[in-house]
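This briefing covers selected local features of a predicted model. The points are grouped by topic, beginning with a single residue and its surroundings.

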Amino acid sequence: MKLSFEKSRPGRFFPVMPELDVPEEKVPPELARAALPRLPEMSPPDISRHYSELARRTHGVNDGFYPLGSCTMKYNPKINDEMANLPGFTRIHPLQPEHTVQGCLEAMVRAGEMLCEITGMDAMTFQPAAGAHGEFTGVLLIKAYHASRGDGARTKIIVPDSAHGTNPATVSMTGFQAVNVPSDSSGCVDLDALRAAAGPDTAGLMLTNPNTLGLFDRNILEITRVIHDAGGLCYYDGANLNAIMGIARPGDMGFDVVHLNLHKTFSTPHGGGGPGSGAVGCKSLLAEFMPAPLAARRGGGYAFESPPQSVGRVSAFYGNFLVMARALTYIITIGGDGLRDAARNAVLNANYMMRRMSGAYDAAYPGTCMHEFVLSLDGLKREAGVSAMDVAKSLLDRRMHPPTMYFPMIVKEALMIEPTETESRETLDYAADAFLDIRLQAERDPEALRAAPVSTPVRRLDEVNAARHPKLRYNFG
Amino acid sequence: MAYYAPSTEDEQLEMMREVGVSSWDGLYADLPEELLLDGLAIPDGASEFGAQAVMERLASKNAAFQTIFRGAGAYNHYIPSLVKQITSKEEFVTSYTPYQAEISQGTLQSIFEFQTMMCELTGLDASNASVYDGAAAAAEAAAMCRSRDRRAVLVSEAAKPNVISVVETYCYAAGAELRRVPTRGGLTDGDALAAMLDGSSACVYIEQPNFFGLIEDASALGRIAHGGGAKFVMGVNPIAAALLKTPGECGADVAVGEGQPLGMPLSFGGPYLGFMTAAEDMARKLPGRIVGETVDADGKRAFVLTLQAREQHIRREKASSNICSNQALCALSAAVYMTVMGPRGLRQAAESCFSKAHYAERKISSVRGFEPVYEGEFFHEFVTACPVGTESLMRRLESRGILGGMPVDDGILWCVTEMNSRAEIDDLVSILKEVAEG
C-alpha cells in the first residue's frame, strides 16, 4: 500500500484551528528554518482510510490468539482504557500543585500498596516506562546500596544463561560486569556453578522465576541465600509474574528488588510496542535510594517525597501514569482472588496446551510447566528440514500470532508458547490442532511450510537486505 | 468462572484431568510449601461496575483546569479528533512489538512514516522508532556520543531541570561525568562552554527553546562544541521546530525531544514520547527499535525491524542500551497529529503559539512588578518577575479556574499556546493587575 507521503497533494489543507485572535508576530528570519517540513498533505477522509488500512494490516490480541511467550498477551479489558481516558486524569498537568492532584497521587499510592502486597515489597515506583527501564532502575538501587556502604569491590552481577537479553544489557548499562551461570539439566540454575560464581565481588543476581523455560526454580530459597551470604542482593525480573501472582511472592523468595511489567501481568495493552510500565518495587533496605519523587501518604492526604539517597529521576515526570491507572482498574476489578485465579488459569491453560501437543512436538522440559512452555523443533528440523521459523510462519496462515521464536537461546529451534488465562479451551484446542496439522504437513509437504505464509498482506521479508542497505525514511526524490 | 478467564469450573476440572493433576496445588508442586500464600490482603474483585466508581472518584479528586498557562516540559495543545479515534483502534492498541512483520505491516509502516516525519522536522537523516520520553531520549543521546576517551557529558544549565536530572542518573549508572554549562542572561554561555571543553568531552547538550523559553544561538554553540571535538546534541520542542532553524541546519549530530506536544494529552506526565534523530554517521548508534524498508519474497515493498545487531537480544551485555520497546502508540499519535495538521497546520499552530505568547508577554510585563527577566527572543514561554508570593498568586488564579505559570527561581515561567484565547490572556492580566495593585 502507499505511504502517506505518496498520497499527499500539495496545497491540500484542512485547518483544525480558528483564525488568530491576536496580532500576528513572525519569527525573525535569521532564526527561522529554511523550508517547511515535508509532512503529508491529506484530507481527513483519506487520513481516516489510510489508518484503517494500516489497522487491517496489524494483528492485535483482539484479532486472534497471540501466544507470544514471555510477553503475556492477555485480553486488555476495555474498562481500563475508559478509566484511563477520564478527563480528570488526561487533562492534569504534571506540575500542578499537589493539592490539585490528590486523585492522581492517591491512585499511585494505592496501586503501589497493592503491588507491594502482591510482590512482598515495601516501596514501589512507577517512573520506569517499560520492563527494561525497570531493570535499569532496580539495578541502580543495588549499585547505590553498595556505594552507600563504601563497598566498591562489588562489580559483578550474576545472570543465568536463560535470561532475557535485557538482563545482561542492563548490567553493562549500569556499570557492572555480567557473569553468566549455566542452567542445569533440569532447566534451572546450576547451584554448584552459582556457588562458584558468588563471592566478594558479587553485587547481585538477576533472575526470572518462573524462568524463560516456563519452569519454577525449586531451589529458589537456596539461590537467594547463596547470593545474600556472599553479600549481594537479588533482583527479580517480573516478566513471568503472571504464573504466580497471588500464589507466591518474590519478596518471600528472598528477592530485594523487583520490576513488574504492568503491560503484561496487569492487562494493560501493549500498544504495538509501548507505552508500558515497568514499576519497580523494593524492600525497605533499598527504599531510601528510590527515584525521586515518590508518591506517599501524608497527613490525611497525599504528597510527593524525595527518598533521602535517591538515585535520581529516571523519567521526566512520574512514568506512564495512564498505564498505571489501567493496571489499578484491573486490580480493583478482579481483586486479590481474581489475581490468584488468573495465575491458576494461566498455568492450567499452558499445561493443557502442552499436553495436547505432546505427541507431535518435543517439549524442551517435559513435566509440569508454569504459564508458558518451550518446544524444541530441533528434531523436526533434522528429520523434515522444517525449522521453528517455518512452523511460526505457517501459523500466520492459520490466523494466529506465532509464539516467541529462537528464545531462550539455550534451546535449539525454540518456540516459546504462553497462552495466558484469558483464552478459552476452544481457542487452545484450535491452536493445538493448528500445530498438529502443521506437524503432519511437515511430513507430507515440507516445501509448503517453507514457503509460508501465503495469505498475509506481505510474504517473508528480506531482512538481510534491510540491514545491509538501510532505508530508514521515505525518499522524497 | 473468574474475571476475564473464561473456563468454567467443569472445564477446569476436565483440563486438569487431561494434564494429570487433581487440584490447583498439583500445578504448583515445584513451589516450596513455605512459599505458598494463603490469599492476598487485597479485597475481592469489585467488578467492572465497582472499579468504575472507584476510578471516577479518584479522577474527580483532581482539578482539571480550563485555562492553562503552564508548560515547563508538558504542553497544552489542541488534539484533533482524528488522533483520538485512530489511536483507539484496537489493532494498534492491542498488538505488540512487530516481530512478525507479515502481520504487522500496519504498525511497521506507521513507524516508518513517523521516522520520516521526525527526520523532516529535525532536518536530520535517520530516526528511531522512539524511546520512553524526552528526558530518556536526551540520556540515550549522550550515551550515543560517549567513546572510551570522551566520556564527559556537558549539559547546559538552561536545559529543563528534570531532563538534566535524568541525564545525570544515566551518567551515574555508566560512571560518566556530567558537567553543567553555566548560563548568561538565560542563555547557554558560549564562552564558558568553550573553556570547559577538553579531550574528555563526549557531547554538548542544549535545548531549543531552552527551559526559560529563550531561543538559543544553536549554530554558534554547535560550532563551539565541534571545535572542542565534542558531538552536538539538541533537545527541541517539536512545535517550535516547525518554525525554528532545524537541528540539521544548526549542525547537530543528534536531535532529541519530548514528543508530547504532538497529539498527546497532559496525562499527569505520561505516557509521553521521546524522539531521536541523527545525522547519517551516527545513525547506527541510535538505540532501540528502527524500522527499515525492504521487499518480501514476491518483491513487494514491505517494512521490518532492522539494524537489530545493535540491540540487546542479539548483543546481550555488549549492547549499548537495554531498551527493547518504544512508545509505539504515542509515536502513532504523533504521526497522525502531523498528518492531520500537515505542514501548514503545524506552522499555523506554531505561529499561533508564538504570536499569542508575545501578545501575553507584552500585556503581562506591562503590569507593575511582572517585568520580563530576560531580554532574548523566545518561542512560547517566558519568565517574568513576580511582585508577590508565587503561592498566593497561584491560589488566586486557581480560584478563577486558571493554572498559572510555573514558579521558578527568578519569578514565573509562563507558557502560552494556541489553546489560550485572547480573552483568557486578558483575564489573566486583569487578575495580575488586581494582585499588583494590592
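Asn209(A) touches Leu215(A), Phe216(A), Asp217(A), Ile220(A), Tyr236(A), Asp237(A), Ile244(A) and Met253(A), leaving out residues up to four places away in sequence. Asn209(A) is found in the loop between strand 4 (202-208) and helix 9 (220-229) of chain A. The model is predicted, and the remaining points follow below.

- The peptide bond joining Asn209(A) and Pro210(A) is cis, with omega at about 0°.
- Pro210(A) has its place in the loop between strand 4 and helix 9 of chain A.

**Thr202(A) in strand 4**

- Thr202(A) is found in strand 4 of chain A and is buried, with a relative accessible area of 1%.
- The side chain of Thr202(A) reaches the backbone nitrogen of Gly199(A) at 2.8 Å.
- Not counting residues up to four places away in sequence, Thr202(A) touches Arg154(A), Lys156(A), Ile158(A), Ala197(A), Gly231(A) and Gly232(A).

**The loop between strand 12 and strand 13 of chain A**

- A cis peptide bond runs from Phe407(A) to Pro408(A), with omega near -5°.
- Pro408(A) lies in the loop between strand 12 (404-405) and strand 13 (414-417) of chain A.
- Glu413(A) lies in the loop between strand 12 and strand 13 of chain A.
- Phi of Glu413(A) is positive, about 50°, although Glu413(A) is not a glycine.
- Glu413(A) is buried, its relative accessible area being 11%.

**Ala72(B)**

- Ala72(B) has a phi near 60°, a positive value in a residue other than glycine.
- The loop that holds Ala72(B) runs between strand 1 (67-68) and helix 4 (81-86) of chain B.
- Ala72(B) is buried, with a relative accessible area of 5%.

- Thr456(A) has its place in the loop between helix 16 (446-451) and helix 17 (463-468) of chain A.
- Thr456(A) counts as buried, at 11% relative accessibility.
- Neighbours within four places in sequence aside, Thr456(A) is in contact with Leu396(A) and Asp397(A), and with Glu102(B) and Ile103(B).
- Between Thr456(A) and Leu396(A) there are 60 residues of separation in sequence, and their C-alpha atoms are 7.3 Å apart in space.
- The backbone oxygen of Val458(A) is reached by the side chain of Thr456(A) at 2.5 Å.

**Helix 12 of chain A with helix 3 of chain B**

- Helix 12 (residues 321-357) of chain A packs with helix 3 (residues 47-60) of chain B at an angle of about 135°, and their axes are 8 Å apart.
- That angle makes helix 12 of chain A oblique to helix 3 of chain B.
- The crossing of helix 12 of chain A past helix 3 of chain B is right-handed.
- The contact of helix 12 of chain A with helix 3 of chain B has, by class, seven nonpolar, three polar and one charged residues.

**Helix 7 with helix 8 of chain B**

- Helix 7 (residues 134-145) of chain B and helix 8 (residues 161-174) of chain B have axes 8 Å apart and pack at an angle of about 45°.
- Helix 7 of chain B and helix 8 of chain B are therefore oblique to each other.
- Their crossing, that of helix 7 of chain B and helix 8 of chain B, is right-handed.
- Helix 7 of chain B contributes Ala135(B), Ala136(B), Ala138(B), Ala139(B) and Glu140(B), which meet Asn162(B), Val163(B), Val166(B), Val167(B) and Tyr170(B) in helix 8 of chain B.
- By class, the residues of the contact of helix 7 of chain B with helix 8 of chain B divide into eight nonpolar, one polar and one charged.

Technical notes: Residues numbered from 1 in each chain as written. Chains lettered and ligands numbered in written order. Predicted model: local features only at pLDDT ≥ 70, side-chain atom pairs only at ≥ 80, totals over all residues. Heavy atoms only, no water. Axes fitted to C-alpha atoms, helices over the stretch in contact; angles between N-to-C directions. Helix = DSSP H or I, 4+ residues; strand = E, 2+ residues; numbered from the N terminus. Parallel < 35°, antiparallel > 145°, perpendicular 65-115°, else oblique. Left-handed = near helix turned anticlockwise from the far one by under 90°. Contact = heavy atoms within 4.5 Å. Nonpolar A, V, L, I, M, F, W, Y, C, P; charged D, E, K, R; others polar. Buried < 20%, exposed > 50% of the residue type's maximum accessible area, 1.4 Å probe, protein only. Polar contact = N/O pair within 3.5 Å; in protein donor to acceptor, adjacent residues only side chain to side chain.
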